[in-house]
Amino acid sequence: MRTWERFTLMERMARFTVYFVVVAAIAASVQSIEVIPEFITDAPEQVMDMLRRMWPIAWGFYPEGVHEALIDSLHIATLGTVLAVLMAVPVAFLAAKNVTRNAALNYVAKLILVSARAVNTLIWALFFVAVFGPGALAGTLAIAFHSIGFTGKLLGEALEEANRGSIEALEASGAPWISIALKGYWPQVRPAFWGIVLFRWDINVRESAVLGLVGAGGIGMALDTALNLFQWERAAMILVAIFAVVLAAEVATTQFRKRIL
């Protein structure tokens, strides 16, 4: 008699292989990171001790030590996003196969996008701090160069999904390339473009808060100073300010998406 089985023999072997590799990877990771059980059991007590040190929150520290650094972080995130978009748009057009019908240019553009995404923002920040010195300039460039990969990849995919009907009509009429881009591609990718920009700015606001830990300006530098001097009440004020700004950025981007899209 024939019996029904949910998976074939090959599928069962493939599933077993995947499960085995995952379990083996977890086991190897646990051994390599050398987890110390005493630290884990002691963690709740340490957390409560730190929270006691952070209370009461130094609200009066905001005007003199938090506000300006917080504004710098917002400027870093905003200017970095703008620079990233300016650099990512031409790369996205080169990466889209239906726009640029040249395999070599496609590969070069995709290599640029992958390279930008492969390097973490903090690594970019360390590099630009070494080049330009500590400050907001290094943070802005770190945000910009890392965001090229994210923005360019998503925009390039949106361009590749564009409907060819209106574009072929413009090409048949002899329209120049700039007109094809503005009248053919832009109306179709505009919702995706604004969604990508807003989402990336939202991410950059979060990332700009930690760049100061490596000297790249913003609120992170104030937090690093407070932690190094064991000023826990001031550190709590900075963390509350970061949380408030991230929450406000989330609400703002959500409202912008509703209005624009």
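Modeller: A salt bridge is counted here when a side-chain nitrogen of Lys or Arg lies within 4 Å of a carboxyl oxygen of Asp or Glu. The model is predicted, so local features require a pLDDT of at least 70 and side-chain atom pairs a pLDDT of 80 or more, whereas totals for chains, interfaces and linings use all residues. Residues are numbered from 1 along each chain as its sequence is written, and side-chain values use heavy atoms, with hydrogens and water left out.

The structure holds six salt bridges. One of them joins Arg-53 to Asp-49, with the closest N and O atoms 3.0 Å apart. Both residues belong to helix H2, where four positions, about one turn of the helix, separate them; helices (H or I, at least four residues) and strands (E, at least two) are DSSP runs numbered from the N terminus. Arg-53 is partly exposed at 40% relative accessibility, as is Asp-49 at 25%. On this scale, buried means under 20% relative accessible area, exposed over 50%, and partly exposed in between, with a 1.4 Å probe and protein chains only.

In helix H6 (residues 136-160), Lys-153 and Glu-157 are also four residues apart, about one turn of the helix. Their side chains meet in a salt bridge at 3.0 Å, N to O. Lys-153 is partly exposed, at 36%, and Glu-157 is likewise partly exposed, at 35%.

A further salt bridge links the side chains of Asp-202 and Arg-206 at 2.4 Å, N to O. These two residues are separated by about one helical turn because they stand four residues apart in helix H8. Asp-202 counts as buried, with 4% relative accessibility, while Arg-206 is partly exposed at 34%. Elsewhere, salt bridges with shared partners connect Asp-49, Arg-52 and Arg-53 into one network.

A nonpolar core is a set of buried Ala, Val, Leu, Ile, Met, Phe, Trp, Tyr and Cys residues joined through side-chain atoms within 4.5 Å. The largest such core has 23 residues, and Val-66, Ile-219, Ile-238 and Ile-242 make the most contacts inside it. Two or more residues come from each of helices H3 (62-95), H8 (177-211), H9 (219-228) and H10 (232-260), with H10 giving the largest share, ten residues. Beyond its neighbours within four places in sequence, Ile-219 is in contact with several residues, including Val-66, Ala-209, Ile-238 and Ile-242, contact meaning heavy atoms within 4.5 Å. A second, separate core has 18 residues, among them Val-85, Ala-158, Ile-180 and Tyr-185.

Helix H2, which spans residues 37-54, also includes Ile-40. Ile-40 is exposed, with a relative accessible area of 54%.

The C-alpha trace spans about 70 × 70 × 40 Å along its principal axes. Of the 261 residues, 34% count as buried.
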